[in-house]
Amino acid sequence: MSYVHWIAGSILSIAWLSRLISAALGMPKIPDISRPQWDCNPVSPSGNPRVSIIVPACNEEEVIEDALTRLLDIDYDNYEIIAVNDRSTDGTGDIMDRIAASGKSHAGLKVIHVAVLPSGWLGKTHAMWTAAREADGEWLLFTDADVLFKPDALRRAVTYAEAEAADHVVLFPRMIMKSPGERMMIAFFQTLFVFGHRPWKVADPNTRDHMGVGAFNMVRRRVYEAVGTYQALRLEVVDDMKLGKVVKNAGYRQRNVFGGDLISIRWAKGAMGVVRNLTKNFFAIMSFQWPRALSTCFVLAFLNLMPFIGVGVAQGWEQLPYAVALLTIFLIYVGMSWMSPVPPYYFVLHPVSSTLFVYTMLRSMTLTLWRGGVVWRGTKYSLTELKKGMV
């Protein structure tokens, strides 16, 4: 069995070490717009370009007031907010109307109520498409109803976008984590992100690496229209990443940036909250292909569990490559701790979070196939229709 351990361990150590080196060299290249040089007025020949902030919401009465109030406190002088009440059955629409009627900000808040979802659309993509048709901004900023903005977030993002002549800017949010389960799961998600994506390559026009984040997708209006608007993504479950994909594939200038706590979001409550949130997305990310989902489960388990198992069952020098893989994973946790409030010692929970992520993939696949579609915010979207609408 000696050669088996050496082969498996070597694959693991090379895979993790290569990604660590790539991330260590690449991540510092991603700008941080919370730094002082971006605290200035936007650079634009015509002055501050107008920005339309679009906020879709379905049954978000617990968070929508705080989110909209903070958006109304933004210190940028040329923006509008368009909030869409997408068939909510709680008090979301009433809260939106009350805030709009208060006249709190010069920016103004326009509220659109969607009572019926047309066929051939997901609720969220339809809400964003509907709002974009009413917008008059040169930039469209798509965000979520639970994202908290600091007053200078938009000003800094526009300053960066105009200085870089960017067409699409993604600002990574600060994750609010209030329980060990959330920190454990989000730490793994960030590790998976480092392994599966190369955000430092997004700005390179010669790569296929792309990015999109639901919390902050800011795109020039002419680019949004050129790629087909959200009508081209009307049945995409992972619409934020797919917007990034079509923008990058069309040859436009895409950028992603860090921003400290310029925007923040509590993505889920507890470990199982993360599982529930990702259940909708995971099988869609696999293009609804069960062989691909099962193979991904195997790869996830091998990459993330085998270093822990191998170092325990191997003997003598056979443990060395597994130990290198474990050390590399730990160093990734150390690196992430510099950017997020997850201490490096959460590394010891990596096997637990890995197992839960494999479970989430299997759960997403099983529920989608069993239901014949995806159930999202009380609406079922058929699997046949979703497959036809994939980009």
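At roughly what angle do the axes of helix α2 and helix α3 cross? The axes of α2 (residues 64–72) and α3 (residues 92–102) cross at roughly 25° and come within 10 Å. This is a predicted model, in which local features need pLDDT of at least 70, side-chain atom pairs count only at pLDDT 80 or more, and totals for chains, interfaces and linings use all residues. Residues are numbered from 1 along each chain as its sequence is written, and side-chain values use heavy atoms, with hydrogens and water left out.

**Helix pair**
- The helices α2 and α3 are therefore roughly parallel to each other (an angle under 35 degrees, taken from 0 to 180 degrees between N-to-C directions of lines fitted to C-alpha atoms).
- Their crossing is right-handed, the near helix being turned clockwise from the far one by less than a right angle.
- From α2, Ile64, Glu65, Leu68, Thr69 and Leu72 meet Thr92, Ile95, Met96, Arg98 and Ile99 of α3 (contact: heavy atoms within 4.5 Å).
- By class, this contact comprises six nonpolar, two polar and two charged residues.

- Thr92, Gly93, Ile95, Met96 and Ile99 of α3 are buried (under 20% relative accessible area, 1.4 Å probe, protein chains only).
- Viewed down the axis of α3, the buried residues fall within an arc of 160°, so they line one face of the helix.
- Those buried residues pack against β1 (51–57), α2, β2 (79–86) and β3 (109–114).
- Asp94 and Ala101, on the other side of α3, are exposed (over 50%).

Conventions: Helices (H or I, at least four residues) and strands (E, at least two) are DSSP runs, numbered from the N terminus. Angles under 35 degrees count as roughly parallel, over 145 as roughly antiparallel, 65 to 115 as roughly perpendicular and the rest as oblique. Ala, Val, Leu, Ile, Met, Phe, Trp, Tyr, Cys and Pro count as nonpolar, Asp, Glu, Lys and Arg as charged, and the others, Gly among them, as polar. The arc is that of the directions from the helix axis to the C-beta atoms.
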